Amino acid sequence: MSKPVVITLACCLGAGGLADCSAKKPLAAAVSADASAPADRSDLLVAIARAEDRRSAAEVPRDAANSHDPAVRRAAARAFARILDADDGPLLRALHDEDEEVVAWASYGLGESCKGRADYVSALAARLASLAGAWPSKKKIPEERLSDDSGIHALPTILRAIGRCGGDRAEEVLRTWITASQGYAQAAAFALGDVAARRGALATETAAALLDAAQGSSSLEAALYPFGRIEPSLSQSLAARLSAAARGAIARPSPLRFFAVRALGRSGDAGAIPELARLLSKDDSTVVERVEAVQALARLGKAGHAALSHVVGSSLFAHSQEALGTGFAVLLTGIGALGRDLPDKTESLLWEIAGLQAPDSASPSTVRRVSILRCAAAKALARGAWGSDVLRRCDLGDGEVGERVRLEAIERGPLVKARRAAWAELARSAHLRIREAALDAIAQHPELGEVSRTLLAQSLSASEPGLVATAANLVRAHPERVFVLAAGERRAALDPRAPAPTGPAVRELDSAVAGALRAALARPWRSDLIETRIALLDAALSTGLDEGRPYAEAACNDGNATVRARAAKALQAYGSTGATCAAPAQHAAAAAEIGHERVGPVHIELDTDSGVLALRLDPTFAPVAVTRLTALARSGFYAGLSFHRVVAGFVAQFGDPGGDGFSGSGDLLRCETSPLPFRAGSVGVAVAGRDTGSSQMFVALARYPHLDGQYTWIGQAEGAWDAVAEGDVIRAVRVEP
């Protein structure tokens, strides 16, 4: 997810405008409502919160971890878990606390800093074993009771931490918990998904244990999740069991049924095509299940494509209203999955879709949806013919959708002559994202030569941070594209008296690119434009620009952990072996919201092109983020912005004034991650690395365990978020209270 996502109390003026002082209480109230607490608890909790936000473990009050007050110990453990200091001693000690939430925060922090350390796995496994007798081991407990929005629980958090560590020992420990109570077995299965994604495979014993759980009396749907995180390489018998388990799970409606759909597509079982096709037309199927079914059919060869073509035509296209609403994502996914080798019936269907017309009174949102469907069909029909009429006529709106599919068709061949001219025209598009996409094409087209160098220099000089970052990333990945023959070599080549060359020609950085890169490095980029800053850092070092090393060394002392980590990696890659970037002695200032955080939930209503949608933000575990984002919403910041990233069945993301995913409010928002689960409708802060948030938020459209703990969970969404399409606009925002 490159991607991707400012007020004080007493009616102070912050970045979001004048604060609403109602419903605000001191931070202590957010941690504990114990009226008998000592009077200095509030000051202590504020000090811990400031240390956490400043990422300074040394500033956590020394006696906080040993306090008799569990609220203070919880705050300290949470701070250490989020700071991730090189010294994990406080977390290892907190792992043995008597309070469940303290143990959970300690486990979460250790999992985030584990990086495959077997000793951490052993410590976590030992604590897991010691606690197992304190909670029911065989009673069926729903996951939402073990890791819900109202609290954080130790056992599932320890299991997920072990999964984050990865390695053989972690896999072995987690395998034994697949047969535990339902809730704990789910956490173990999700953790094995983390192990599988990290290693790219599952041990045969693990695959068998997961399938035992999936086919057992409890029918653990989560046991199929790890198979969807990899391309399984299973024996014939295990592959048959995977197909049987997935087909059985598809017959049972469940919030986790889409795991089975995804696993079935990876099983290679063409015999499952009828079940997948039926799922696409069943009334109780969710949007994410249908999207997964489309993708599963696309993986099952010609028979799968034939079934997909039939379903797209008979079940979805026939219902035009649904095709422009909740069925839009499914139909669009289906069109994209049909491929280029189209049978006659499918081609006829695509011509119908390419000829869709919007009603005369259609809203801009409807016109955009119709254009997206028309252009998706036109792209398949054009078969790479970038100048075809069907591509040129597909966009009924502002042209961006049509330009995108034309660019994709243009890029399929060498960019020479007319094709190069067409690409160059799109590189000057009025639409920022088209210009960025045209830049990306340079990576695959070395034949562009001087044209690409000119465009890169112009883009590095642009005012849009996303365009600058895109250009800088290309320079880093392909520095050879911006080097030319040195001036002396060019003079020698033109001088008939010059001696014949005796070695490789000397090359130097193109002067226009060098000048643009120097100017970009010198610009005072806003603090939240992390992606742009680190892209420039990498580009400068990869080209050997004189200013590159000083810029990287300055970044090595940056207050942001992501900037420091990238600076260290870049310095190591370009000559400074063993370079490290420790946290600076002077930490960044703490967020102004600390000590004045919102305590109660807030309801934010969004009037959008796709209807009225809402967010219920909860500050319990992310008080700074919720306070700041609420202030931004109240100030009108989000009105007029679009949903710049929508992935069918996965996420809908918004909050970028630039509309391309690179921008924010102007201020950095540090992460307040936690072990809370991302289920359907969960709201998170979009980031491009640790502590890189600003104003962008996303809504998860289904249960996605790989998001857990990696993004700041801030609440739950309400409304038909599955109906959102990329480009939909937020027209107005209302905040209550």
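The largest nonpolar core of this predicted model holds 222 residues. A nonpolar core is a set of buried Ala, Val, Leu, Ile, Met, Phe, Trp, Tyr and Cys residues joined through side-chain atoms within 4.5 Å. Buried means under 20% relative accessible area, exposed over 50%, and partly exposed in between (1.4 Å probe, protein chains only). L224, W423, L615, I714 and W721 touch the most other members. Helix α10 (residues 182-199) supplies the largest share of this core, 10 residues. Apart from it lies another core, of 14 residues, including I530, L541, A555 and C556. Contact means heavy atoms within 4.5 Å. Residues up to four places away in sequence not counted, W423 touches L407, I410, L415, A438, A441, I442, L448, V451 and L455.

Residues are numbered from 1 along each chain as its sequence is written. In this predicted model, local features need pLDDT of at least 70 and side-chain atom pairs count only at pLDDT 80 or more, while totals for chains, interfaces and linings use all residues; side-chain values use heavy atoms, with hydrogens and water left out.

Two packed helices are described by the angle between their axes and the distance between the axes. Helices (H or I, at least four residues) and strands (E, at least two) are DSSP runs, numbered from the N terminus. Axes are lines fitted to C-alpha atoms, for helices over the stretch in contact, and angles run from 0 to 180 degrees between N-to-C directions. The axes of α11 (residues 204-215) and α12 (residues 236-250) come within 10 Å and cross at roughly 30°. That makes α11 roughly parallel to α12. Angles under 35 degrees count as roughly parallel, over 145 as roughly antiparallel, 65 to 115 as roughly perpendicular and the rest as oblique. The crossing of α11 and α12 is left-handed, a term for a near helix turned anticlockwise from the far one by less than a right angle. On the α11 side, the contact includes T204, A207 and L211. On the α12 side, L238, R241 and L242 are among the residues involved. By class, this contact has eight nonpolar, two polar and two charged residues. Ala, Val, Leu, Ile, Met, Phe, Trp, Tyr, Cys and Pro count as nonpolar, Asp, Glu, Lys and Arg as charged, and the others, Gly among them, as polar.

Helices α26 (residues 465-477) and α29 (residues 530-542) have axes that come within 8 Å and cross at roughly 30°. α26 is thus roughly parallel to α29. Their crossing is left-handed. Among the residues that meet are V468 and A472 in α26, and A535 and L536 in α29. Eight nonpolar, three polar and three charged residues make up this contact.

For α6 (residues 118-132) and α9 (residues 168-176), the axes come within 10 Å and cross at roughly 15°. The two helices are therefore roughly parallel to each other. V121, S122, A125 and L128 in α6 meet R169, A170 and V173 in α9.

R564 sits in helix α31 (residues 561-573). R564 is buried, with a relative accessible area of 12%. Its contacts beyond four places in sequence include A555, C556 and D558.

Several backbone features stand apart. The peptide bond from E736 to P737 is cis, with omega near -5°. P737 lies in the segment after β12 (730-736). R55, which is not a glycine, has a positive phi near 60°. R55 is in the loop between α2 (41-54) and α3 (70-83), and is buried at 13% relative accessibility. D691 also has a positive phi, of about 60°, although it is not a glycine. D691 belongs to the loop between β9 (682-685) and β10 (697-700). D691 is buried, with a relative accessible area of 3%.
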